[in-house]
Amino acid sequence: MGKRNSQRNKSAASMWDSDDDNSVSSSSTARTDAASLSGTEEVVFDQDTLLDQALDALDEKRGSTREKALSIIIEAFNSNMQHQFVEKKFATLLHQCLASIKKGSKKATAKEIALASHAIGLLALTVGCSDNAREIFEESVRPLDEYLTSTSDVTKIPSLLECLALITFVGGNDQEETERTMDLLWRVIHPKLGSNVVTIKPSAPLITAVVASWSFLLTTVKELNLNSKYWQNSISYLSSLLDKEDRPVRIAAGQALALIFEIGIIDKFSAECKSASDMTQEESKHQASYIHLQGLKGKVINQVKDLSVEAGGKGSAKKDLNSQRSLFRDIVEFFEYGYPPEISMKIGGDSLQTSSWSQMIQLNYLKHFLGGGLIKHMQDNEFLHDVFDFTPKRKHLNSNEQRMSSGEKRMFKSPNSFQNKARTQFLNKQRLLSEGRNLGHYAADVTDD
């Protein structure tokens, strides 16, 4: 068994390392069908084989090999629900991806860390609310936290933040865990000084990633912690971001503020207040917080009104400007009339409807994370069906007719796919071996003569 696994790993390594379509590669693990008439063998590479080889390649020392393997795993999980593969290889895949992240301080590139983080997030979405999702959360939170607090390479951080948000969204058991992750996210751009914390100046993309991930998790919080200082600081900081030049930062901050007011932060403080004569000292503090928050809301309303009609400056992208205006018009309408935006998205023959800031933020975040895989996951991922209360029409396909997504076609049908490259390598090897045997026979015939 050990020898077989060793051969399998060598096979995977040679296939993933090769950049030459015509190079000879060992393919001892490929499934073969004997062609009785021709005497040749044909390798049948299916998706499970490709995923198995990619998983084996995560053990390789060469970083570029691991990056290729992670890219294939991500493409496979994006284009289909890999339940069978996960059932067999869940723990191995999780710990190999975590190993790539843990190597980050010395060996792994920003690209490998981003890919490994993305793969863990996809794994969490695939398993949904289950014991496996819980294991992902428990095994991943600490290494992600440690890496975030120790790295000074800002290019590695956004992917880690997304991973952390997704594993908490899927595998977090209670509000306390969610709030702890949200606090960790804030700490990236507001680090608590300590001996083991690396302080960095947050870039605009980093701020956008933190605010978007924080908002995504806030959508799941049901019972709000009425810590007035926390919410005052959060709203003040988000308000300051509306004055930044970077439009994605403004948009992320605007959505976060709309969500905060949608879930009723100010209303909850208002409900705690009584008439002045009946107030305890604690209730008096709540009233002061309520007044302060009302003042912050008034400031935010003026800011979003300005941004909803902002004129395009020199060099400003028209598309970005229109997106900003549209979003902030929706926020103004929500603040003034209480109407949240309504979104309709086509999912195959179905239509997914959202009618709250919370749902819109969840959908936008998952759309950003899954990219072209969103439609497939919305059709087949039961966890997402529960999140959005969405039940797609079931397609009745002929059992002999398997449709492939565009991603799967690229993986398995394209001449440049790993499947066809590997097949070419195997057949080239067979041809060379055959030629070698023929030369051997020829030499033997000459000797006999």
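Me: Contact means heavy atoms within 4.5 Å. Which helices cover the buried residues of α9?

Reply: Helices here are DSSP runs of H or I, at least four residues, and strands are runs of E, at least two, numbered from the N terminus. The cover of the buried residues in α9 includes α7 (157-171), α8 (175-189), α10 (228-241), α11 and α15 (357-370). This is a predicted model, where local features need pLDDT of at least 70 and side-chain atom pairs pLDDT 80 or more, while totals for chains, interfaces and linings use all residues. Residues are numbered from 1 along each chain as its sequence is written, and side-chain values use heavy atoms, leaving out hydrogens and water.

Me: How many helices and strands does the protein chain have?

Reply: The protein chain has 19 helices and four strands. Of its contacts between residues at least 6 apart in sequence, 68% join residues at least 24 apart.

Me: How many residues of α9 are buried?

Reply: Buried is under 20% relative accessible area, exposed over 50%, partly exposed in between (1.4 Å probe, protein chains only). In α9, twelve of the 15 residues are buried, so the helix is largely enclosed by the rest of the structure. Among them are Leu-206, Val-210, Trp-214, Phe-216 and Leu-217. Across the protein chain, buried residues make up 45% of the 449.

Me: Which residues of α2 are buried?

Reply: Helix α2 (residues 47-57) is mostly covered, with ten of its eleven residues buried. They include Gln-47, Asp-52, Gln-53 and Asp-56, along with Leu-50, Leu-51 and Leu-55.

Me: At what angle do α9 and α11 cross?

Reply: Take the angle, 0 to 180 degrees, between N-to-C directions of axes fitted to C-alpha atoms over the stretch in contact. Under 35 degrees is roughly parallel, over 145 roughly antiparallel, 65 to 115 roughly perpendicular, the rest oblique. The axes of α9 (residues 204-218) and α11 (residues 247-262) come within 9 Å and cross at roughly 20°. Therefore α9 is roughly parallel to α11. On the α9 side, the meeting residues include Ile-207, Val-211 and Trp-214; on the α11 side, Val-249, Ala-252 and Leu-259 are among them. This contact has twelve nonpolar, two polar and no charged residues. Nonpolar covers Ala, Val, Leu, Ile, Met, Phe, Trp, Tyr, Cys and Pro; charged covers Asp, Glu, Lys and Arg; the others, Gly among them, are polar.

Me: And where do the axes of α8 and α9 stand, at what angle?

Reply: The axes of α8 and α9 come within 9 Å and cross at roughly 165°. That makes α8 roughly antiparallel to α9. Residues of α8 in this contact include Met-182, Leu-185 and Trp-186, and those of α9 include Leu-206, Val-210 and Leu-217. By class, the α8 and α9 contact holds twelve nonpolar, three polar and no charged residues.
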